[in-house]
Amino acid sequence: MTERSPKASDTTALYVYAVCRTEGSPALDGVSGVARDAPLRTLPLGSLTAIVQTVRAAEFTDEAWQERLTDEPELERYARAHHEVVSAVAAQAPTVPLPLATLYNAEDRAEVVLGNESARFHAALERIAHHAEWGVKVYATGSPGDVGGGAAQRPRTPSTPSIPSTPGDRERPAPGAGRAYLERKRNLQARREQQREESLRVAETVDTRVCRIAKASRRLRPHGPGAAGDHRVQVLNATYLVAEHRSAELELLVKDLRGSTGAGIELSGPWVPYSFVGEV
Amino acid sequence: MTDLDFRHDVDHPVPGPPNTNLADILERVLDKGIVIAGDIKIDLLDIELLTIRLRLFVASVDTAKKAGIDWWETDPALSSRAARSALQEENRELRTRLEALESGPRDMASADR
């Protein structure tokens with residue numbers, strides 16, 4: 001592993017998924033990781049254990065990653081593979097997940113670098129012990145397509161068939177028709193503005209209430225329309241570190257908030273606390 | 001401790017939710033974890049570009065509230081400015097049509113085309 005092979009294609013690197021505190025070896029049968037060539041294994045780091053995999057260095061160079069980052073299906077494959085390993089380990093031992101693509105040129109390099117970070121790993125394990133991460137998303141009431149409904153359609157004023165061909169006053173639109181039209185547009189706009197304000201207010205309410213039962217929280221950037229395969233407008237994308245014994249309470253709270261606000265609220269979890277292992 | 005014991009140890013956080021969309025996973029595995037120096041590293045700038053390209057992330061609620069920027073701005077349903085300009089557009093069109101109407105039915109018919 002540490003010896004340099006003359007052939008570049010034979011050079012290996014060490015992919016590190018997570019660091020956990022365990023006395024045995026987590027069972028990882030059926031979990032393949034990001035590469036097929038070698039199975040997942042453990043790398044002892046004193047009181048901690050890293051979950052690693054030997055991979056071909058050529059497939060994990062900076063250039064290879066840049067290519068991968070622009071190839072959505074490929075990226076998805078790697079992200080899900082990484083997530084699967086982290087989740088499997090975390091189900092069996094207190095675990096600190098490492099970000100996607102944490103790689104070392106050699107096993108002894110990984111031992112040195114990760115060994116030097118043991119204080120940070122222990123601190124992170126302490127922070128997330130018996131806690132899980134939960135994602136909460138709030139969607140605006142009334143999607144952009146919905147808002148205004150039929151009134152948003154461009155009016156054809158006045159439509160040709162409704163105009164009598166004989167000359168006279170009747171052929172002109174009623175006085176003030178344009179004004180009335182503009183008035184309608186203004187009302188529609190005011191309603192939209194109100195809905196937007198209301199949605200943001202609901203987002204704040206949800207965040208405040210969930211924060212009360214969470215140990216920590218983070219705001220993530222709301223996803224754009226279409227990210228989740230729909231066109232709803234996301235007004236809150238937050239994630240919370242919640243004690244395991246309070247997860248039922250959280251689910252009840254979200255149900256309650258759905259009822260009281262009428263907003264679309266999605267709860268996802270429990271996640272391995274990815275968002276809370278770093279020093280915030 | 002055997003593997004079986006491990007599997008049944010319920011003291012630890014359970015795995016991620018079953019129906020996870022890619023955006024949810026990416027925002028967790030890419031840039032929110034503990035920062036550990038690796039020998040091979042993804043450039044954070046690349047991740048920014050990636051997320052923009054995938055249209056997964058947009059302005060935060062905070063930013064949107066302060067400035068009403070980004071896609072809020074171009075969506076008439078959400079932005080007052082975009083809606084206002086849409087309104088001006090409608091207004092202009094309306095005036096044109098009114099002029100055409102007032103100048104007579106024949107002209108009106110051609111203006112409608």
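The model is predicted. The predictor gives the complex an ipTM of 0.77 and a pTM of 0.68. Chain B averages a pLDDT of 55. Chain A supplies the four-strand open sheet described below. A helix of chain B packs against part of chain A.

**Chain B: make-up and confidence**

- Chain B has seven helices and zero strands.
- Its pattern along the sequence is α-α-α-α-α-α-α.
- Chain B has 113 residues, and 27% of them count as buried.
- A pLDDT of at least 70 is reached by 27% of the residues of chain B.
- Among the elements of chain B, helix H2 (residues 22-29) has the highest mean pLDDT, at 83. Helix H1 (residues 3-7) of chain B has the lowest, at 35.
- Residues 1-14 of chain B have a pLDDT below 50. This stretch still has 24 contacts in the model beyond near neighbours in sequence.
- Residues 52-83 of chain B also stay under 50 in pLDDT. For them the model has 60 contacts beyond four places in sequence.

- The buried residues of H2(B) are B:Ala23, B:Asp24, B:Ile25, B:Leu26, B:Glu27, B:Arg28 and B:Val29.
- These buried residues pack against three elements of chain A: helix H2 (72-90), S6 and S9.
- B:Asp39 sits in the loop between H2 and helix H3 (44-54) of chain B.
- B:Asp39 counts as partly exposed, because it has 16 C-beta neighbours inside 10 Å.
- B:Asp39 is in contact with A:Leu103, A:Tyr104, A:Asn105 and A:Arg109, leaving aside neighbours within four places in sequence.

**The four-strand sheet of chain A**

- Four strands of chain A form an open sheet in the order S7-S8-S6-S9, with antiparallel pairing.
- Strands S7 (216-219) and S9 (264-271) of chain A stand at the edges. Each has a single partner strand, so one side of each is left without a neighbour in the sheet.
- Neighbouring strands of this sheet are turned by 20° against each other on average, direction ignored.
- Strand S6 (residues 131-139) and strand S8 (residues 234-243) of chain A pair over nine bridges, in the antiparallel sense.
- A:Pro270 lies in strand S9 of chain A. A cis peptide bond joins A:Gly269 to A:Pro270, with omega about 0°.

**Helix H6 of chain A**

- Helix H6 (residues 247-261) of chain A lies across S6, S8 and S9 of chain A. H6(A) runs at about 170° to S9(A).
- H6(A) has 15 residues, which should span 21 Å at 1.5 Å a residue. Its end C-alpha atoms are 21 Å apart, which agrees.
- A:Gly262 follows H6(A) and has a positive phi, near 75°.

**A hairpin in chain A**

- Strand S2 (residues 41-45) and strand S3 (residues 48-56) of chain A pair in the antiparallel sense over five bridges.
- A:Pro44 has A:Thr49 in S3(A) as its bridge partner.
- S2(A) and S3(A) form a hairpin with two residues between them. In the turn, A:Gly46 has a positive phi of about 70°.

**The nonpolar core**

- The largest nonpolar core has 77 residues.
- The residues with the most contacts inside this core are A:Val16, A:Val19, A:Val136 and A:Val138.
- Beyond four places in sequence, A:Val138 touches A:Val202, A:Ala203, A:Val206, A:Val235, A:Leu236, A:Ala263 and A:Ile265.

- A:Ala101 has a positive phi of about 70° although it is not a glycine.
- A:Ala101 lies in the loop between strand S4 (95-97) and strand S5 (103-104) of chain A. A:Ala101 is buried, with 23 other C-beta atoms within 10 Å.
- A:His130 is not a glycine either, yet its phi is positive, near 60°.
- A:His130 lies in the loop between helix H4 (118-128) and S6 of chain A. A:His130 is exposed, with 11 other C-beta atoms within 10 Å.

Terms used
Residues numbered from 1 in each chain as written. Chains lettered and ligands numbered in written order. Predicted model: local features only at pLDDT ≥ 70, side-chain atom pairs only at ≥ 80, totals over all residues. Buried ≥ 20, exposed ≤ 12 C-beta atoms within 10 Å, placed from the backbone. pLDDT = per-residue confidence, 0-100. Contact = placed C-beta atoms within 7 Å. Pairing = 2+ DSSP bridges. Axes fitted to C-alpha atoms, helices over the stretch in contact; angles between N-to-C directions. Expected span 1.5 Å × (residues − 1). Core = buried A, V, L, I, M, F, W, Y, C linked by C-beta atoms within 7 Å.
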